[in-house]
Amino acid sequence: MPELVTSPVETRPDVDVTPDTDQPHHAHIVKVKPGESATAKVMEARIYGTPVEALCGYVWIPSRDPKQLPMCQECKSVYDLYKSFNDGLRDTPGD
């Protein structure tokens with residue numbers, strides 16, 4: 001009889017996928033997949049009104065200039081952690 005091989009299951013905390021309708025109080029870092037551009041993803045979301053997810057888990061529909069807001073410290077902490085394990089990341093998360 002063949003041996004059953006199992007693979008580990010990756011679990012994620014539940015993320016509220018309902019976008020926040022209020023304007024964000026902080027500038028968030030958008031979560032992207034490898035090869036995706038955060039700038040392009042935000043621009044598309046602004047045009048089509050689709051929600052995006054930040055590294056901290058915050059979900060919203062971008063509508064204003066994030067440069068006018070203070071940086072989300074939770075997003076920055078996550079980015080800094082990724083950066084410490086990936087040499088190719090820039091010092092600032094902007095594209």
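**Questions about a predicted model**

Reader: At the start of α1, within what distance of the backbone nitrogen of T39 does a side-chain oxygen of S37 reach?
Author: This is a predicted model, in which local features need pLDDT of at least 70 and side-chain atom pairs count only at pLDDT 80 or more, while totals for chains, interfaces and linings use all residues. Residues are numbered from 1 along each chain as its sequence is written, and side-chain values use heavy atoms, with hydrogens and water left out. At the start of α1, the side-chain oxygen of S37 reaches the backbone nitrogen of T39 to within 3.4 Å.

Reader: Which residue follows α1, and what is its phi?
Author: Helices (DSSP runs of H or I, at least four residues) and strands (runs of E, at least two) are numbered from the N terminus. The residue that follows α1 is G49. Its phi is positive, with a value near 70°.

Reader: In what pattern do the helices and strands follow one another along the sequence?
Author: The protein chain has two helices and two strands. Read along the sequence, they follow the pattern α-β-β-α.

Reader: Is H28 buried or exposed, and what is its relative accessible area?
Author: H28 lies in the segment before α1, which spans 38-48. Its contacts (heavy atoms within 4.5 Å) include A54, C56, Y58, W60, C72 and C75, not counting residues up to four places away in sequence. Buried means under 20% relative accessible area, exposed over 50% and partly exposed in between, with a 1.4 Å probe and protein chains only. H28 therefore counts as buried, because its relative accessible area is 17%.

Reader: Why does P62 count as buried?
Author: P62 is found in the loop between β2 (59-60) and α2 (73-85). Leaving aside neighbours within four places in sequence, P62 is in contact with V42, A45, R46, T50 and V52. P62 counts as buried because its relative accessible area is 8%.

Reader: How far apart are the C-alpha atoms of P62 and V52?
Author: Along the chain, P62 and V52 are 10 residues apart. In the model, their C-alpha atoms are separated by 7.5 Å.

Reader: How does M43 count, buried, exposed or partly exposed?
Author: M43 is found in helix α1. Because its relative accessibility is 47%, M43 counts as partly exposed.

Reader: What share of the residues of the protein chain count as buried?
Author: The protein chain has 95 residues. Of these, the share that counts as buried is 20%.

Definitions and conventions
A polar contact is a pair of N or O atoms within 3.5 Å; within protein, one must be able to donate a hydrogen and the other to accept it, and residues adjacent in sequence count only if both atoms are side-chain atoms.
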